Amino acid sequence: MSFSSEIKHYLSVYKKFISTSTAVAMSFRTSFVLMVMMDLMFFGSAYFTVDFIFDHVDMVMGWNRNQFMLFLSYVLLVDGFHMIILSQNFWRFSDDLKSGQLDYTILRPLSSIFSVFFRNVRPSSIPTLIPAIVVFSYYANINNFSLFQWLLVPLLLILSLALLAVVEFVISCAMFWLVEGVGINFFRMQMQQLSRWPDLIYGAATKRVFSTLVPILLVGSAPIHFLLDMSKWHYLLLMVVATGVFWFILLKLWERGLQVYDSASS
Amino acid sequence: MSNLIKWWQTIKISIVKYTAYRLNFFLQIIGPALVFLFIKYNLWTAIFESTGSDTIKGYTLKAMLTYHVWAFVVSQLAQGHTALNLALDIRMGRISTYLIYPFNFWEFHTASFIGFQIIQLFVTGFAIFLFSIIGILPSVDLPTLLNGVGVCLFVSLFWFSLQYLTGVMAFWLEETWILRVMLQMITVFLSGAIIPLELYPDFFREILMYTPFPYLTYYPIKVFMGEAVSYATFFSVLSPWLILVSVISALTWRRGIKLYTAAGM
């Protein structure tokens, strides 16, 4: 199969994933509405926490309210897309490993990484994108974004999401070696928590570890550093390299993980 | 007497279950609170470094860090995660067994909750000891410590009742974890777990005082910090809420059990 037809094949499968996930989500309407409320609450609490802090301080490590809010809204945007595309799959993965349901995923004529991490889409998180986009646009405007900066935003969002995803996929591989994978999901969520604050607030050692060994701080901080000061292009280079390195690690770990996977259902 | 033995046996089983996968227990229960504390430590250190001011709303950096270390202790002692199995029991049809056992659903889950609290008492005791040794907690006298623990255990009862209520909603809802996460999110934000309530806008704080939220984190922290706190207010606000939630839980269970169709049978 040529590369383009393979892409077409995967896109058609993904379209099916979206339609089946949407059908499932819509069949439990109360849960759907509650999920929308839950995501909006998360957005509100994250926003107002920073807002309340800036009622008492003018700057945090060189960033004023507008710059900090730009960062926050960007991270919440990444988070919104993450919720829609990926979040559900990590929990399903730990369940599938325990129940042996992963057998059926492995048997499919598709990349098992694709099947595991992209199978479930969460349409209930789409409404959260609206306030995130509005708030980001507002603060991008205040920070005087040029047309070039605006054009860069979608590309940076894709890069951030790719880096976040690949780091989380690698962390999730630990579930192959553990009997109970729920704890790993909590660990993964804590890594997300770390990335929701700019790297500026962390000490030098923490910043180094979480920008290189586990490059979770690059997800939000690197694009905003670059957008606020275009001379800091090395941040983007770091993101691209980190994504590549972690993709390589993922492939190796996944292969090893599948070898140790002991189907619970057989 | 035989009922007491059942309670004790269930508590023991619950302790064994929670600690069977120790890494999982650490990552699920203690890890998130530790990371939360780590972020807040870095955040407030950075804020105080940036402002150059000694105090923010009456808090020095040391007082702010102490506040957040106690917030960690309160989160461990008062806000457990014991309702997950409860909703699963209903959804998977496992409550059929409780309907014929001489130890009912409420008794079983309350005993499990007590087992969880016993583990958390040890974990938190060790954490307080460690924080004191490394110097991030100022010395605290025994009566203050015991008052704080007592207040936290009362909050944990209220928290368990709330979680129990969300759990029994599984009779009607496909997923109850959403309610639990919402509850957790609202509580973390409104109870002063992220930032002390003094930093909230005045009008907002005044409204909050009419709700149980400040009593779930902010008040217990103040007790641990040895500040003058009205215990009468604490108990007179939280007790009616505890009774109300318990009554609603009992009614919800009674209505729900009529709908139950034993999917697991």
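A salt bridge is a side-chain nitrogen of Lys or Arg within 4 Å of a carboxyl oxygen of Asp or Glu. I began my notebook with that term, since I went looking for charged pairs.

**Ground rules.** I am working with a predicted model, where local features need pLDDT of at least 70 and side-chain atom pairs count only at pLDDT 80 or more, while totals for chains, interfaces and linings use all residues. Residues are numbered from 1 along each chain as its sequence is written, chains are lettered from A and ligands numbered from 1 in the order in which they are written, and side-chain values use heavy atoms, with hydrogens and water left out.

**Entry 1: salt bridges.** I found eight salt bridges over all chains. A:D51, A:D55 and A:R65 are linked in a network of them. A:D51 sits in helix α2 of chain A and A:R65 in helix α3 (residues 65–99), 14 residues apart; helices here are DSSP runs of H or I with at least four residues, strands are runs of E with at least two, and both are numbered from the N terminus. For A:D55 and A:R65 the closest N and O atoms are 3.1 Å apart. A:D55 belongs to the loop between α2 and β1 of chain A.

I then looked up burial (buried means under 20% relative accessible area, exposed over 50%, partly exposed in between, with a 1.4 Å probe and protein chains only). A:D51 is buried at 15%, whereas A:R65 is partly exposed at 24% and A:D55 is partly exposed at 42%.

A:R122 lies in the loop between α5 (112–118) and α6 (126–142) and A:D39 in helix α2 of chain A, so the pair ties together parts that are 83 residues apart in sequence. Both A:R122 and A:D39 are buried.

**Entry 2: where chain A meets chain B.** How many residues does each chain bring to the contact? I noted 38 from chain A and 36 from chain B, where contact means heavy atoms within 4.5 Å. The buried area is about 3300 Å², with 82% from carbon and sulfur atoms; this is the accessible area (1.4 Å probe) that two parts lose on being put together, summed over both. A:M38, A:F52 and A:H56 supply 18% of the area that chain A buries against chain B, more than any other three residues. I counted zero salt bridges between the two chains.

On the chain B side I checked B:N24, in helix α2 (residues 22–51) of chain B. B:N24 counts as buried, at 11% relative accessibility. Leaving aside residues up to four places away in sequence, B:N24 touches A:E180, A:G181, A:V182 and A:G183.

**Entry 3: A:T243.** I placed A:T243 in helix α11 (residues 234–260) of chain A. A:T243 is buried, at a relative accessible area of 15%. A polar atom of the A:T243 side chain lies 2.7 Å from the backbone oxygen of A:M239. Not counting residues up to four places away in sequence, A:T243 touches A:L159, A:A162, A:L163 and A:V166.

How values were computed. A polar contact is a pair of N or O atoms within 3.5 Å; within protein, one must be able to donate a hydrogen and the other to accept it, and residues adjacent in sequence count only if both atoms are side-chain atoms.
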